[in-house]
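User: I am new to this structure and would like to understand its charged side-chain contacts. Could you walk me through them?

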Amino acid sequence: MDWTPTISELSGPRYQRIVDAMEADIAAGRLVRGQQLPTQRALAKALGVDLTTVTRAYTEARRRGIMEARVGQGSFVSETSARRAVDLPHPVAIDLSMNVPPHPLEAQLDERIMSGMDALRAQSGLTAFLNYQPPGGSAHEREVAARWMRARVPHAHADRLVIFPGAQTILFNLLAHLVRPGDVVLTEALTFPGIKAAAAQLGVKLVSVAMDDGGILPDALAKACRTHKPRAVYLIPTLHNPTTATLSPERRSAIAKIISDADTILIEDDAYGLLDRAASPIANLIPERTYLATTLSKCIAPALRVAYLVTPDHAAQQMMRTYLQATVQMPAPLMVALVTHWIETGIADRIITAIRNEAIGRQQLAQRALRGFQFLAKPAAHHLWLRLPESRPDVAAHLLRNGLAVVAGDAFTVDGTPPHAARVSLGAARNRAELTEALRILVGALHRPADVRQIV
């Protein structure tokens, strides 16, 4: 038998000790993802415990997402680096509310983090990254990032690029710099909740512009520009959050002309652009009027807190570095160094490819599960936009009562009546088995008739 845990030094019920030992051995590398585990009977005999104890342990390990069972083959260490969230509300068993990338085995994130840190330590020592660094990244880090981004954004250069700790910090600082309290910023009728939160804190007025399944409508944007004279326009042109709409080249050209004619500024949120590299940013059409924000949160991992802002010119870059220093000082130097190493060695692109491929697989799974229902989706998106039955206003609440969290349409509405729809984040499931179960609960809720409430 390849694995026998040591449980005598652990506390708690025996089944819990077995699971804790499994988790610790995975973290230490004594168990690797995809490795076959002993049969329940063999492990019970080796540990001198009842078979029911091991059965309970394996059930708990599957619930945590660290083990998976394969029909006719046995039990294996889970082939994903994702772990269960420890801070979810108790009733939530599966959380599809956070739009995060999946972490398939092929991404090798655990191993690449460790090897990347070893490379940094060998090169300069890790303590070199524990002091204050230049706000917005060093010249070398910005040059590496700019060179990498030029495949999609030809005008990306180090003297126009700022490294931020996440896209949310970019959005807040851009609004603080570009817009005064009471000024108008136009955005899609449905938009990222983060820009809503930043605008509310800064007293900025967001005004919605009509959109269809293809994204924002150019004619509606032109009319809104004439009516409101906006200080800026905020858009998510690629894999829009929440609808997944990706603007066609024709719409991008029309929008670029409208923004130029209106003499305003574009804040282009390119959070998902690295998942769909065929979509050329609008910034390429009007670089002198665009602040382009690209983050690694949606294509690698949100906790890296590394995002890149390409500014219209060097003066704007210097101004944004000043704002960054005044608000959060700098991005985390160790994380920026790790990401820079990944970019230089080609590892970043390999991670993104693995995550994109997993996103495609999950979308295919969702397409099969939701056949017959109305929803918007794109192959490489981490989410889909599900239209809910008009007769079921309580679907989201019903799902939550059954342990599944999604985000209802009102979270994305700028003004007007919220759509009867929900964003389902496929990447948030720890693995495809958990996603399959979540979709089963979702389909069951959609088929279920509306609650009949007794009036008392």
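**Salt bridges in the model**

Analyst: Happy to! This is a predicted model, and the salt bridges in it come to 16.

User: Why is the contact between arginine 121 and aspartate 118 called a salt bridge?

Analyst: The rule asks for a side-chain nitrogen of Lys or Arg within 4 Å of a carboxyl oxygen of Asp or Glu. Here the N to O distance is 3.0 Å, so the pair qualifies. Both residues belong to helix α4 (residues 109-124), where being 3 residues apart puts about one helical turn between them.

User: Is arginine 121 buried or exposed?

Analyst: Exposed means over 50% relative accessible area, and arginine 121 has 53%, so it counts as exposed. Aspartate 118 has 40%, which makes it partly exposed.

User: What makes arginine 152 and aspartate 270 a pair that ties parts together?

Analyst: Their closest N and O atoms are 2.8 Å apart, in a salt bridge. Arginine 152 sits in the loop between α5 (139-149) and β4 (161-164), while aspartate 270 sits in the loop between β10 (265-269) and β11 (290-295), so the bridge links parts 118 residues apart in sequence.

User: How do you know whether these two are buried or exposed?

Analyst: Buried means under 20%. Arginine 152 has 10% relative accessibility, so it is buried, and aspartate 270, at 2%, is buried too.

User: What separates arginine 362 and glutamate 358 in helix α12?

Analyst: About one helical turn, because they are 4 residues apart in that helix (residues 347-369).

Terms used
Residues are numbered from 1 along each chain as its sequence is written. This is a predicted model: local features need pLDDT of at least 70, side-chain atom pairs count only at pLDDT 80 or more; totals for chains, interfaces and linings use all residues. Side-chain values use heavy atoms; hydrogens and water are left out. Helices (H or I, at least four residues) and strands (E, at least two) are DSSP runs, numbered from the N terminus. Buried means under 20% relative accessible area, exposed over 50%, partly exposed in between (1.4 Å probe, protein chains only).
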